[in-house]
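Please keep the structure in view while reading.

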Amino acid sequence: MDQKVGKYKVRDLKMAKEGTRLIEWAESRMPVLMALQEKYKKTKPFKGYRIAGCLHVTKETAVLVKTFVAAGADVSWSGCNPLSTNDAVAAALAAQGVSIFAWHGMNVKEFYWCIEQTLKFHPNLTLDDGADLIFTIHKSHPEFAQKFVIGGTEETTTGVHRLRAMAADGALRYPVIAVNDAETKWDFDNVYGTGQSTLDGILRATSVLLAGKNIVVAGFGHCGRGVAQRAKGLGANVIVTEVKPTAALKATLEGFRVMKMDDAAKVGDIFVTATGVKDVIVKRHFQSMKDGAIVSNTGHYDCEINLPDLLSVTKGKREIRENNEEYVTKDGRRIYLLAQGRLVNLAAAEGHPSEVMDMSFANQFMSQLRLAELHKKGVRLENTVHDIPEAQDQEIARVKLGTNGIKIDKLTPDQLKYIEDYSSGT
Ligand code: ADE
């Protein structure tokens, strides 16, 4: 481990060159963030602001961090999952002078130690993926909310749900912008990002043929829908399990079979949980799975697959290949658990492709900027969860289209008048 106290702790600084190349590759696919870097590198609107981030340390995240730094921010970073850090990228950021505490394969105690290190510089702004940084501040340093922090942003569905619950309880001590709820985030990152990267993770960990397999997707939210669509595209027979009637209905109209997990467990070849809730796959499901079943999770936390339950039916286990553990059940069946039940797309692959993270992270950047600009005007948003402005969404989509060389039509003044006119009928 390479460490400079108060500045960084990463696996191996010698990996910096490799990490820099990965970051350069991501930069070449993230034109919106690069345009923001260009736009704000002279004016440095974040000058004097300290941003603490807790989000997967990937090549795409590095481009976001570099964009903040270019715009004048002081940044301190940790990863938001023990298995998602790319050690080469972490080394590259440390070598470039960024304060970063992250390495692949850390334990839970180290995970929180890293978050604590990023709080030592008393951030004004927090950036989360899963809300662990916000929770740590609320639990261990509640006074920060008054003394230093002006606001935060949250990247993911799970985090936003929890923060809304906190806000409803009156427990949220500073305003948070729900980046996840931007249309240019959830309608792209959650669907196409999760869809592709989850299958990428499953394939890297297994290299199995997907065509003809029964793939059970638990949860038909945006992430589950993305996984189901991509699996179908590769020739799999997709089965969806759901708890929400409207979501289940949508899945049937997409042509997927919908059934209870109790029934799906018996026929599935590959399982992917994408629900955001715990105990989706439990003991009785493991007991009825086929020999050779592959089990994975793409939800934020590793609680969707009940691991103690899996262990309780197991007589032995071994790593059969990277990110793939074979559990032999007491009745002799083999169940393969990918990436220890953690986010398979980030632990076994590289997370969402740069092209979608470009939009998600443009939303992060713009939302942090909004908090800083309001602060400069003496405005503090209410201590609740805030949506991003519609204009920000449209602007990010407009720039993204432009970078793809795509032009779209514009409403004429007459058409605009028509839309707003409620006096005429048929
Ligand atoms: N979440 C999902 N994919 C990601 C990526 N490539 N970088 C950061 N966070 C992510």
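The model is predicted.

**Ligand surroundings**

- The residues around the ligand are L55, H56, T58, E60, T61, L346, E350, G351, H352, M357 and F361.
- Sorted by class, this shell consists of 4 nonpolar, 5 polar and 2 charged residues.

**Polar contacts and burial**

- T58 places a polar side-chain atom 2.7 Å from a nitrogen atom of the ligand.
- In the side chain of E60, an N or O atom is 2.9 Å from a nitrogen atom of the ligand.
- H352 takes part through its backbone, with an N or O atom there lying 2.8 Å from a nitrogen atom of the ligand.
- The ligand taken alone exposes 260 Å², and 95% of that is buried by the protein.
- Two or more residues of the shell come from helix 3 (59–70), and helix 16 (354–376) likewise gives two or more.

**Helix 16 and helix 17**

- Helix 17 spans residues 390–403, and its axis comes within 10 Å of the axis of helix 16.
- The two axes cross at roughly 140°, and helix 16 and helix 17 are therefore oblique to each other.
- The crossing in which helix 16 passes helix 17 is right-handed.

Terms used
Residues are numbered from 1 along each chain as its sequence is written. This is a predicted model: local features need pLDDT of at least 70, side-chain atom pairs count only at pLDDT 80 or more; totals for chains, interfaces and linings use all residues. Side-chain values use heavy atoms; hydrogens and water are left out. A residue is near a molecule or strand if one of its heavy atoms lies within 4 Å of it. A polar contact is a pair of N or O atoms within 3.5 Å; within protein, one must be able to donate a hydrogen and the other to accept it, and residues adjacent in sequence count only if both atoms are side-chain atoms. Accessible areas come from the Shrake-Rupley method with a 1.4 Å probe; for residues, only the protein chains shown count as cover. Helices (H or I, at least four residues) and strands (E, at least two) are DSSP runs, numbered from the N terminus. Ala, Val, Leu, Ile, Met, Phe, Trp, Tyr, Cys and Pro count as nonpolar, Asp, Glu, Lys and Arg as charged, and the others, Gly among them, as polar. Axes are lines fitted to C-alpha atoms, for helices over the stretch in contact, and angles run from 0 to 180 degrees between N-to-C directions. Angles under 35 degrees count as roughly parallel, over 145 as roughly antiparallel, 65 to 115 as roughly perpendicular and the rest as oblique. A crossing is left-handed if the near helix is turned anticlockwise from the far one by less than a right angle, and right-handed if clockwise.
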